[in-house]
Amino acid sequence: MLDIRVDAKRYPERGGRPHLALSALQMTVQRGEFVCVVGPSGCGKSTLLNIVGGLDRAFEGRVTMGGGFPEDVGFMFQEPRLMPWSSVLDNVLLVARGGERARLKARALELLRAMALGEVLDAYPGRLSGGMMRRVALARAFVNEPALLLMDEPFVSLDSPTADRLRAMLLAQWQRCGASVLFVTHDLREALTLADRVCFLSPAPGRVVLEFAVDLPRPRARAGAQLERLHAALLADHPELLAGLPAAQGDVTEGRPVA
Amino acid sequence: MTAERLFPPASVVRTSDTPRSPPVATEPVLVTVQRGERRLRLASLVTFVLLWQLAASLADSRTLPDPLAVLARIGAETASLALPAHLAVTLGRVAAAFAVAMLAGALVGMAMGRWRRVDAFLDAWLVLGLNIPALVTIILCYVWFGLNDWAAILAVAINKIPTVVVTVREGARAVDPRLLEVARAYRLPWRTTFLRVYLPQLVPYLMAAARAGLSLVWKIVLVVELLGRSEGVGFQLNVLFQFFDITGILAYTLVFAVVVLAAEGWVLRPLERRLTGWRG
């Protein structure tokens with residue numbers, strides 16, 4: 001189980017007083033659970049992921065998973081962040097560990113083929129479309145079959161058919177390898193499509209103000225009637241909570257600048 | 001107006017999952033351009049030799065010998081093994097000084113690009129190093145370390161290091177922190193991070209430093225040899241100058257220049273093409 005407790009996370013602000021990004025934030029992710037973190041822009045969602053991912057160690061609090069800081073981690077960023085000088089296969093192999101080379105390669109190949117990238121194994125990322133690059137990044141995140149997968153709005157700025165396809169691939173791989181997932185998004189519909197449980201963050205300083213278990217069977221259609229009912233009910237029950245969310249204005253995930 | 005002109009054909013509609021099509025039909029054009037350029041380069045070389053021949057026939061043959069005389073001299077010096085011997089010694093020094101300068105310059109440049117405090121501390125030294133005349137460094141190295149090969153190589157390297165530092169520092173400042181974050185997020189060992197995430201970003205800068213470096217190093221090596229060594233192309237040029245042997249001077253210069261150009265064209269450039277092939 002992943003246990004997150006951030007008492008305070010401050011950013012030194014040049015010339016002014018320090019900015020308090022997170023405060024008294026507490027949440028847990030059960031083993032194999034898919035948790036989405038939803039919150040308005042600037043509420044510290046990415047900061048939270050950077051802390052859990054070990055990229056930012058300057059905070060007050062504790063993050064533990066199985067007795068220590070989580071080390072067996074896969075990370076998917078907002079941008080694909082592939083090494084442009086390495087082929088698709090080498091990008092996945094770069095992070096692969098825990099086994100001899102032949103076995104790692106077999107695992108990477110299997111993943112890439114499952115993501116319909118078998119034809120471009122030797123291509124450089126610069127030749128790929130945005131959607132293909134995300135799929136490579138997704139394969140990279142899963143190649144070690146990590147205990148914890150951290151995802152920072154990984155499907156923004158994709159058109160919705162492409163994003164839907166990637167979400168389906170993500171769920172398939174997650175169900176196969178059983179990782180705990182912490183998935184950050186500002187898109188409530190996306191969260192309801194994916195998550196076992198949704199944690200809502202307040203505006204900065206961010207803390208969890210509502211936890212909501214999504215009790216719908218998978219696969220869930222993003223525009224399905226059940227999901228729409230759930231979405232409407234949530235908005236009706238907690239209008240103040242979601243006021244800052246762009247998802248409240250309908251499905252407009254394309255082309256929005258990323259905060 | 002037909003309907004086809006109002007609506008794009010279905011194949012043109014792109015989602016972000018459509019792969020970018022590789023550039024089409026540019027290759028034949030490129031080949032033609034390259035062929036035309038090659039012809040022009042050849043014409044330039046022929047014109048140069050002809051002008052040389054013309055000038056030589058007008059001038060005194062002692063001050064400016066014609067190309068054939070120089071070519072004959074190259075043959076004679078090669079047969080006597082004098083030229084290969086001097087050339088080998090000089091090339092050895094070029095290689096050693098080049099390697100030392102690249103290694104030291106790259107390490108210092110990376111450190112200065114990475115840590116602001118190191119940069120602030122070493123910046124004044126760097127400006128000093130960039131502005132000291134080569135001759136001063138050479139004289140001081142000989143005075144302090146003796147008239148030996150180590151002093152010679154060190155003098156050349158010291159002249160070259162500052163320019164390598166400047167170029168590599170530029171590259172180290174431009175390194176993408178987001179890619180380094182990937183390495184940290186996946187807990188890559190530092191060796192893998194350095195070799196496969198950090199260093200590839202510096203390759204264009206290292207190659208620029210290497211190419212500029214080679215041309216600087218081989219010029220300074222001759223001065224170093226002229227001032228304090230008793231073998232090598234620089235030493236030999238000085239001897240030939242004492243005897244006012246212009247044919248000999250041109251013969252040595254020509255061979256040396258050709259060797260360095262070959263090193264750049266057949267070693268450095270293919271290496272660069274291999275390392276930056278992913279851009280193409």
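What follows is a short chat about the predicted model shown above.

Trainee: What should I know about the model and its numbering?
Mentor: This is a predicted model, in which local features need pLDDT of at least 70 and side-chain atom pairs count only at pLDDT 80 or more, while totals for chains, interfaces and linings use all residues. Residues are numbered from 1 along each chain as its sequence is written, and chains are lettered from A and ligands numbered from 1 in the order in which they are written.

Trainee: Which peptide bond is cis?
Mentor: The one from A:Arg218 to A:Pro219, where omega is near -5 degrees.

Trainee: Where does A:Pro219 lie?
Mentor: In chain A, A:Pro219 is in the loop between strand S9 (208-213) and helix H7 (225-237). Helices (H or I, at least four residues) and strands (E, at least two) are DSSP runs, numbered from the N terminus.

Trainee: Moving on, what is phi of A:Glu153?
Mentor: Near 40 degrees, which is positive in a residue other than glycine. A:Glu153 sits in the loop between strand S6 (148-152) and helix H5 (160-177) of chain A.

Trainee: Is A:Glu153 buried or exposed?
Mentor: Buried, because 22 other C-beta atoms lie within 10 Å. The cut-offs are 20 or more other C-beta atoms within 10 Å of its own for buried, 12 or fewer for exposed, and in between for partly exposed, with C-beta atoms placed from the backbone.

Trainee: And what about A:Ala116?
Mentor: A:Ala116 has phi near 60 degrees, also a positive value in a residue other than glycine. A:Ala116 belongs to the loop between helix H3 (101-114) and helix H4 (130-142) of chain A. A:Ala116 counts as partly exposed because it has 13 C-beta neighbours inside 10 Å.

Trainee: Switching to chain B, what are its domains?
Mentor: Domain 1 (36-65) and domain 2 (66-279); the bounds come from an automatic or database domain assignment. The C-alpha centres of these two domains of chain B are 30 Å apart.

Trainee: How many residues of chain B are in contact with chain A?
Mentor: 20 residues of chain B, meeting 23 residues of chain A. Helix H8 (177-185) and helix H9 (190-228) of chain B each supply at least two residues of that side of chain B.

Trainee: Which gives the most?
Mentor: H8(B), with six residues.

Conventions. Contact = placed C-beta atoms within 7 Å.
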